Amino acid sequence: MKVCYFTATGNCLYVAKRIGGDALSMPQLMKQDKIELSDDAVGIVCPVYAGEMPKMVRLFMDKANIRTDYFFFIYTYGMNHSAAIPNAVTAAAESGTALQYVNSIKMVDNYLPGFEMKNQIETAPAKKIEEQIDGVSRDIAARRNNVPPVGIVQKIFMGVIHNTMAKLLLKGSAAQQYIVNTNCIRCGICAKVCPANNITVTDQVHFSDHCESCYACLHACPKNALHMKNERSTARFRNEHVTLKEIITANERQ
Ligand SMILES: Cc1cc2nc3c(=O)[nH]c(=O)nc-3n(C[C@H](O)[C@H](O)[C@H](O)COP(=O)(O)O)c2cc1C
């Protein structure tokens, strides 16, 4: 089994590891000219961003040639996955890979403009994360089928939801608007954890224009030197089962 993941703060990497099989980083796979994936089961684990999947994951689905009898798609999210599930069903159909199973796991929400991280971490036990992962892992091991139909009404709803949520949630989220304060020691960790290769560190931190708005850089900064103008939390988050080194290995593109 191969499990392809995209992660900023470790939730998806943790889920990929827990599901089992080979965990493969999508940002690393995207470096290849061609992506050929063939196994008895192949899956994707990624976060919900503004009610759908990250841009890179959608590009990955178009680029990858996936050959399997069992293709699954798991989202992690923090509050509401809204149109993300029909979005995965539609994307799989558009990319020509038959989908057998889609599900979601509610975890810590790393969306800095919306949530105080300390509170998110403290209240995480109520989400029963381990039980959710156990359930999804059992379904996948048993090769269960679960793909809700997506009708025309849902497609329209999906478009409206995404446009509204993207305007609301991603406003001010692009890296060009981040603030680097005087705590910065130019260690370059922000650049190493960026899955989009959007950051260069010289005598200053430079953000380019292809940010995924994943916030990996903000959450991983060891000096808490990176901030958003509209952040609700100065505290930061990384999944307790995932190391900074693992996130760098997953995301470093340089
Ligand atoms: C820009 C952005 C947008 C997000 N949008 C949503 C959302 O619409 N709904 C939701 O429940 N969680 C949302 N989240 C939270 C993440 O989906 C969630 O924390 C996820 O588990 C993070 O996975 P990771 O640790 O692997 O990066 C968003 C996070 C970011 C950074």
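**Ground rules.** I count residues from 1 along each chain as its sequence is written. Since the model is predicted, I take local features only at pLDDT of at least 70 and side-chain atom pairs only at pLDDT 80 or more, while totals for chains, interfaces and linings use all residues.

**Overall.** The C-alpha trace spans about 50 × 35 × 35 Å along its principal axes. I then checked the radius of gyration: 18 Å, which agrees with the value near 18 Å for a compact globule of 254 residues. That radius is taken over C-alpha atoms, and the globule rule is 2.2 Å times the number of residues to the power 0.38. Buried residues make up 42% of the 254 (buried means 20 or more other C-beta atoms within 10 Å of its own, exposed 12 or fewer, partly exposed in between, with C-beta atoms placed from the backbone).

**Strands 1 and 2.** I found strand 1 (residues 2–5) running parallel to strand 2, with four bridges joining them; pairing needs at least two DSSP bridges. Y5 stands opposite S25 in strand 2. Strand 2 (residues 22–25) has A23 and S25 on its covered face, D22 and L24 on the uncovered one. Side chains alternate between the two faces of the sheet in a regular strand. Strand 1, helix 1 and strand 2 form a right-handed β-α-β unit (clockwise from the first strand over the helix to the second, with the strands pointing away from the viewer).

**Ligand shell.** I get 30 residues around the ligand, the closest being T9, N11, C12, P47 and Y77 (near means a C-beta atom, placed from the backbone, within 6 Å). Helix 1 (11–19), strand 6 (71–77) and helix 7 (152–169) are the elements that each give two or more residues. Where does the ligand lie relative to domain 1 and domain 2? Both domain 1 (2–168) and domain 2 (175–251) contribute to the shell, so the ligand lies between them. The domain bounds come from an automatic or database assignment.

**Positive phi.** I noted S82, not a glycine, with phi near 30 degrees. S82 sits in the loop between strand 6 and helix 4 (84–95) and is partly exposed, with 19 other C-beta atoms within 10 Å. S213 also has a positive phi, about 55 degrees. Its loop runs between strand 10 (205–207) and helix 9 (216–220), and S213 counts as partly exposed with 18 C-beta neighbours inside 10 Å.
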